[in-house]
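The sequence and model come first, and the points follow by topic.

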Amino acid sequence: MSPKMSAMNAPHQPTDQFDFSSIDNKPRIDAAECRLFTACRARSAAQPAFLFVAGAYHGAWCYSHYLDYFAQHHINCFAIDLPGHGTLYSASTPVSLGINDLGTHLVQACRTLNQALILVGHSMGALPVMLAAAGLPLAGMVLLAPSPPGNLPHAQALPAVATDRLKAAPNAAEIRKRFLAVEANRDVAAIVQRLTPESPTILNDRYLLRVDIDSRRIQCPGICFEAELDTPDRHPEGQDKAIADFLGIQHQLLKQQPHCMMYGDRWIDSAAALLAWYRITFPDIPASA
């Protein structure tokens, strides 16, 4: 039985303005056609570092709060723009860019860092993280409200999107409902400005369950954090727990968290839960390391 983790001592900190600007001034590393934003370079490469991978329509910017939070706790961390995402998006992003392509680029980027890594993947971004975990000796793997592997028993497919053009990012109403679970008059303009169109191949890889994961090849410790306020069409009851069981990792339900827990109103509670898992999983790392 894994130790029980709790964020009960974490303060609640609403985020009303969705200010992600701190990431714009972070040091950057370009590698493997990706861009990594860095915070708090560790004193030793032996200290596991977080590498945050965003989901569909998102880029490294969505982890801006996490980068600052873990830097304050002296934990090395990176957030990555994979090809076609975040600062690497362009109108010429190929519609054929798929999740397996993202997984390949993520593996190559990880290899350039020469650092013990814990990959953290949100939503669709959990799938390239799973692919990388099956091919790399990682220190750990964390999934935030993950998309399911295609070979997960009883996984639920979703309607496909048109394949001849990039899919426009969700509008303000969908952001409020699906990403944040907030009231209809909430100002989400800062998020609208940051989201970018998505490759239909990536979306259909996820929606049509085309990405299988060889769970036997994943040997690192890990955890799946489920968002209590997630939408049931994409995250039906029991799916996140089934993903955790399929991969042989822990599962934890985070109360009052929306799908985009890393920048929702209670983002600091989800960050505290991740920090608690880190401290329990790597007890030999001093709190001040």
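**Contacts and fold**

Of the contacts between residues at least 6 apart in sequence, 78% join residues at least 24 apart. The model is predicted, and its chain holds 8 helices and 8 strands.

**Size and packing**

- The C-alpha trace spans about 50 × 45 × 40 Å along its principal axes.
- The radius of gyration is 17 Å, which agrees with the value near 19 Å that a compact globule of 289 residues would have.
- Buried residues make up 57% of the 289 in the chain.

**Ala 184**

- Ala 184 sits in a loop, with α4 (172-180) on one side and α5 (189-194) on the other.
- Ala 184 counts as exposed because its relative accessibility is 68%, and the cut-off for exposed is over 50%.
- Ala 173 is 11 residues from Ala 184 in sequence.
- In space, the C-alpha atoms of Ala 184 and Ala 173 are 7.0 Å apart.

Terms used. Residues numbered from 1 in each chain as written. Predicted model: local features only at pLDDT ≥ 70, side-chain atom pairs only at ≥ 80, totals over all residues. Heavy atoms only, no water. Helix = DSSP H or I, 4+ residues; strand = E, 2+ residues; numbered from the N terminus. Rg over C-alpha atoms; globule rule 2.2 N^0.38 Å. Buried < 20%, exposed > 50% of the residue type's maximum accessible area, 1.4 Å probe, protein only. Contact = heavy atoms within 4.5 Å.
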